[in-house]
Each structure stands twice: as C-alpha cells, then as structure tokens.
Amino acid sequence: MDYLCRWLSILLLFYLSVGVHADETEELQAKAYRTYESVEVDGELAESDWQKATPIRQFIQYEPDAGAPLTEATEVRILYDDRHIYFGFVCSEPDRSKIIANKMRRDTMLWDNDNVFVLLDTYNDRRSGFFFRVNPLGAREDVAIMDSGDSRNENWNAVWDSKAKINGDNWTTEIAIPFSQLRFKDEAALTWGLNLGRTIQKNQEEGTWAPVPAAYTFLARYRTTDLGTLTGLSGVSQRRNIEFLPYLLPGVARTAEDGTIGVLDFGADMKVSVTSNLTADLTVNTDFAQVEADREQANLTRFSLFFPEKRQFFLEGAGLFDFGIPRTSFNAPPPLLLFYSRRIGIEEGHAIPILGGGKVTGKVGGFGVGLLNVLTDKYAADATEDVDAVDVDRTNYSVLRVKRDLFTGSSLGVIAINKQGLDAHNRATGVDFIYRPTGEMNFRGLWARTFEPDSTQDDAINTRQRSENANALYFGGNWQSSVARVNASYTDIGEDFNPEVGYVYRTGSRWIRSEVRATPYLHWYGFRRLWAGPEIDIILNSDNELETRTFIWSTWLELETNGWGGLRIYRNFENLTEDFEIREGIIIPKGKYDYNNYSLMLNAEGKVFNGRVGFNIGDFYNGTRRGFDIRLDLRLTGRFSLEPRYEFNRVTLPGGSFDTNVFGGRVGYSFSTDLFAKLYVQWNSDRNLVTTNFLVNYIYQPGSDFYFVFNQTYGTDSVTSGLLDTTVVGKVTYWWNP
C-alpha cells in the first residue's frame, strides 16, 4: 500500500499544480468535395470532379529548413462518396531522374523514398490517428497511431487502395480509403483532424500542410497534436460493418522424429462494428504461418532478450493496450511491459495452439476501451536442440484496459490482466498517466502490481514482504526543442514483481536515468546537424546497493547529403553478486568491475545503396570485447532488393574465450505492388542453427491473400548437423465485406 499511496500522492499534487493547457495554434482547414461519379484508382486523377475540389498547395518544411516552403510544388485534392474518401496528390519534379523510388512491396518502410502521406484523426481528439503513405511506384504503408504519435503500430493493416504514376515533370497518386476501415463518431457532419505531407528525398526534405514541431525530427510526421481540420464530410453513415476473413491451409511437415505429416487446417477472423466507435475482433483456430521468423540476436547480458510482436490478430488495436516504461533507445528492450502479447501462444520457443479469442477496442465518450480474451490449448513437446521441453495446460488470458482523455493529449488509465490455468493463476493491475503541458514537454508515470497464489500462507510476515515486493513504480519527464532535449526518470521494480503476461528486463532494481542532448542545426561544411551530450544510468538493488552504473557520451553528426556517423564512449561499473555464466563453462566471477568501451557507427544512404557499419572495442568485465556489425540494403530497381547483415563479437576472458556470429540475409523480388517473393536466411553460432524462410504473397484482391511458405532448419554442430525439419504450406484467405 505504501507504493500505491506514494504514487497517488504524486499524481494528485501533479494535477493540482498544473492548469489546463489551451491549444494556441490557429488551425488550418481543408474541405472535402462530394462526388457522385465513379472514381477509378489509377493514379491519373482523370475524373472531372478532381478539378472541382478545393486544392491544398501550402506545404511547410520541418526538415531541414523549418518554416520554409517546400522547394517543389505540391497539390492535394480531397473527394468522398458513400463508401470511400479519396486523396489525389500532384507532386512537381522537373527532373524525373532524381525521383528516389526503389520499393514496391506492401508495408516496406518508405521513409527513405520520395513519398506522400495522409494522417487522419477520425475521432478529432488529437491523440490517435491512421497514417497512410505511398511512394511514386505505388507501394503502400499504413500505421496506427496512439498517444499523440509516441506509440505507433507499424504492423497494422487496413484494406485500402492506391496507385501512382511518374509523368514528365511530376508524379501523381490516388489514394482510396474505405470508411469501413476507419472509426469515427456517427454524426450528420463530420470534422476530422488532418495532416498531409511529402518527402523530397533528393534534398532530404520533409514538409507538411499543418506545421509540425521540427524538434521531433522524423517523428514529427506522426504528431496528432499538430493537425489541421478536415470538413465537408456529410451524409456519411457508419453502418454496421462486418468483415469475415476465413482461411484454408494445406501443407506438409517433416521432422527427423516424426517423419512426414500432412497438414490441413482452417479457421477464420471476423471484425464487427459494435457501435460507430467500438469494434470487435474475433478469431477461431488462429494461424500465423505467413509471419516472418524473429531476427536472431547475440546475448552478452545477464538478462532475457526482447522480440517484437508480429502476429496480426494481436497487432490490431495494440496501441490501446500499451502499458509500460518507454524504451531508452530504439534498439534497447523496454524496462517493463505489463502486457506483452507474445506471452500468449508462444512458450519456450514452441507455438501453442490458439483455440479462439476476441477483443473489443474503441472509444466510449472520452474513454478509450480495450477488452481482450484468448484461450490456448494444452500442449506438450519434448526438448530439441533448438527449443526446451514444454508441457502447458489449457490457459485463458484476459486483459481490460481503460484510458480517460484529459486536457490536450493527456490521459489517465487503468489496466487489469489475468492468466488463468487449471491449477494456477497470475494477475496484474496498474494505473498510468501521460501529461503534456506543452507540445515540447511531457510527463509519464505508472504504478503496477502482480498477484500470485501464496505458497506459504502460514508465514504472514513473508507473505506481506512478498506483497510489498510485487510492485513497480515509474515516473519520468521529457523536454525537447530544435536545439536541445532533456529527459530523466525513476523506476522501481520489486524482486517479486512477476507479470507472466508481461515483460520485465530487470527485477529487484531501482533505476535512475538522465540524458541531455544538444541538437543544433549546423549547415556548416556539409554537416546538417549535431547530436551530442551525456547519459547516465544508475541501477541499485532492492537494498539500495549499487549494481550497475553506466556513463555514456554520444556525438552524432548528420550530413547534408544522405548519411550520418557517431561515436559513443562508455564508462561502466558492474557489481556481480553471484557468478555469471556467460557461455557454457565460461564464468565471470562475482565481484566489482570497472571498464571502458567504445563504439563507432557510420551510415550512408543513396538511391541504390544503403549501408551501415559499426565497430565496438574495449574492456568487458575482466576481459576484452571486439566486434563489428554490417548492414546493407541494395535496391537495383524497385523490384529487386538484397539485404544482408552480419554481426561478430570476440570476447576474451580469463575463464575462456568465445565468438558470436549472427548472419541474416533477405532477398526480395516484387512483381507488382500486390505480388512479391522473399527469401530470408539466418545463422546464429550460439544456437548452431541455420533457418530459411521462403514466402510468396499475392494480394489477389484488396484484403484477400494467397501465401506459399517453405521453411527449413539445419543444424551446424557435430551433434545435430544437416537438415532438421521442413515445412511446406499454402494459405488462402478471402476478405468478405458485405
């Protein structure tokens, strides 16, 4: 209770000490024109009604010259009918040879291509939105946005269409978004938040219609607190939408233990609009055959690795269920996630059958609401060279999430999670908040607690102590401008804090973190921007004894021509309270260690070739570490891509030495924006495995897919060498939307 009282006191004082922040930005307005003629989405804007719509021509840079107009003329018009909203872009480019467009596959990140985007805030609450992006080849990317752009679901998929065309002195695109794919209030006249944008890659130039803060750099495009207004939408009814997506999956699987087994499976997903603002997603006998394998990682820490969620059912509306501590960097694992959907249907490397599930997400008044329930089947499997043995009972997972909108971009939320097996349960609950007094500043906090059956009910003192140690507390703040940024946070996670449907990087710790960065624009001798400053992390154990202290000095330089480079200097302290077996038979003895290490990273970007190379060198506990990391992206045309990467580390310790090797290579070929093939190969020397994944995906009509999947695993050590297993499946889905 002490933790809860402390957290509520901080929260109450915080809200009493601040006033409601009023938005002082004068809003821009755009108007959609209703069309009654059929619009063919072909990228040509040939229909006469395109010329009747009011054009939008005012686009302002936020990178590199914030506030200046885009250097190439850009025009957007907006149409709508009973079923779709349409956006037509005309992007001037006098020299078509300077257009950078080398991606065609759906959901490839298009930030390094010329592109245009549409951001729709259909609830008009300046908190969430739907982001649609298209490049000059017609490649599509969509993202669901939460928390004013701080939380993004880049794996979210909507059923929409677009086509693009490169002309003599411009390129054009048409975008058609069905109203059925959006969630909005059922009103006679609709008012939505809107932003439109364009990237001119030859100049590394980005601009938007509604100005956005340059302080957020590339994240500025996702800011839902800085939008204009879209009007003119009337007579659009949010009818009861029903989407049905059945699948059929025939195939063959072969393993050394079981031989060849035929596979024939089927199931279905369904989406139902409960109200205009609430959507139910249902799934039966869920299958994820087309999901790409996790990227291999080398682990040189004492803590578990983190892998992102890729399964579509869990990604729909995932942002609403976010409850945790923000990452310290893009590559770092989150310190805590109270709900981590990969705990459902995956156990010790095994895929556990999901019998069925459902969730309801959306808004009720000023509340965001999310409810999820999933049932997994019992499953047992022996250990292999690749994964451990597993024996689990049928298990039910439930999550309830409620967030209340407050002020401009602020919120207060609660969450409750229950994992229920036949003989045991694990539960978690928590309260969190976000407060944004200005566009440059935000504060976040949370309190959470887990509950498990007590094993020693007769020991009241130990039971109470475990209860107190099953709490987690976090409070942090961030401020940033175009020339500097500062953030600081405090995290306290008890030793017995155990969210079995969550992720915790490090329990029994108190973590104090602070970071300061100078981020001025230089425009000097080919350098565009400097990023430099210190970061300090101090981690204490539950007895307030120092366990880890890391001081980092970072210096990064961004070039006017595509590319950047950076140097990081680390000063580390580690207090090992017990021996650390970093590899089998190689022990780092308990004790106190002070050591330094350094990393250098260089990145080059071009029309055909992108490459990144990193080097690390220095001490490592009572030994040394040397390594490098190479990542390449070669795109000779918009159709062919080659993406190899290789990471190597050599660790030398008094107790022994070892190398880590991680190789990953992806080869892709796009026959069109709706048909592509991909081969993905990985090797991890720690696991002595080579895995291959070959996928063909054909979108034969919007929302409906055919997949062909061919997977193989090879052993590379003396015990399990050669082919271990093979899987060949086909999968057909059909999207039905009456």
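The model is predicted, so local features are reported only at pLDDT of at least 70 and side-chain atom pairs only at pLDDT 80 or more, while totals for chains, interfaces and linings use all residues. Numbering starts from 1 along each chain as its sequence is written, and side-chain values use heavy atoms, with hydrogens and water left out. Strand labels come from DSSP: helices (H or I) are runs of at least four residues, strands (E) are runs of at least two, and both are numbered from the N terminus.

**Cavities**

- Searching the whole structure turns up five cavities of 30 Å³ or more. Here a cavity is a set of points, on a 1 Å grid over the protein atoms alone, where a 1.4 Å probe fits but cannot get out; grid points are joined across faces, edges and corners, and the volume is the space filled by probe spheres set on the points.
- The largest cavity comes in at about 140 Å³.
- Its lining (residues with an atom within 4 Å of a point) has 19 residues, and Arg105, Arg635, Ser641, Gly668 and Ser670 are the ones nearest the centre.
- Strands E43 (640-653), E44 (656-672) and E45 (675-684) are the elements that each give two or more residues to that lining, and E44 gives the most, with four.
- By residue type, the lining of the largest cavity splits into five nonpolar, seven polar and seven charged. In this count Ala, Val, Leu, Ile, Met, Phe, Trp, Tyr, Cys and Pro are nonpolar, Asp, Glu, Lys and Arg are charged, and the others, Gly among them, are polar.
- The second largest cavity has a volume of about 40 Å³. Around it sit Ile100, Asp112, Gln201, Asn562, Glu605, Gly606, Lys607 and Asn610, a set with one nonpolar, four polar and three charged residues.

**Strand pairing**

- Two strands count as paired if DSSP finds at least two bridges between them.
- E18 pairs with E19 (residues 336-337) over two bridges, and Ile325 stands opposite Leu336 in E19.
- E31 (residues 484-493) and E33 (residues 509-518) run antiparallel and are joined by ten bridges; E33 also pairs antiparallel with E35 (residues 527-541), over eight bridges.
- Arg513 in E33 stands opposite Ser489, and its bridge partner in E35 is Asp537.
- E10 (residues 161-166) and E11 (residues 170-178) pair antiparallel over six bridges, with a hairpin of three residues joining them. Lys163 faces Glu174 of E11 in this pairing.
- The bridge partners in E14 include Leu230 for Ala30 and Ser234 for Ala189.

**Surface patch**

- A nonpolar patch on the surface is formed by Ile536, Phe551, Trp553, Leu567, Ile569, Tyr598, Leu600, Leu602, Phe615 and Ile617, with about 840 Å² of accessible area together. Patch members have over 30% relative accessible area and no salt bridge, and nonpolar side chains (Val, Leu, Ile, Met, Phe, Trp, Tyr) are joined within 5 Å, like charges within 9 Å.
- The areas come from the Shrake-Rupley method with a 1.4 Å probe; for residues, only the protein chains shown count as cover.
- Strands E36 (546-559), E37 (563-576), E40 (591-605) and E41 (609-620) each give two or more residues to the patch. E40 gives the most, with three, while Ile536 sits in E35.

**Salt bridges**

- The structure holds 46 salt bridges, each being a side-chain nitrogen of Lys or Arg within 4 Å of a carboxyl oxygen of Asp or Glu.
- One of them links Arg106 and Asp142, at 2.6 Å from N to O. Arg106 is in the loop between E5 (84-92) and E6 (115-121) and Asp142 is in E8 (residues 140-146), so the pair ties together parts 36 residues apart in sequence.

- Most residues other than glycine have a negative phi, and most peptide bonds are trans.
- The Glu63 to Pro64 peptide bond is cis, with omega near 0°, and Pro64 lies in the loop between E3 (60-63) and E4 (74-80).
- Ser148 is not a glycine, yet has a positive phi of about 60°; Ser148 lies in the loop between E8 and E9 (151-153).

Conventions: 1 Å grid on protein atoms, 1.4 Å probe; cavity = no way out; pocket = protein on both sides within 12 Å on 5 of 7 lines; lining within 4 Å.
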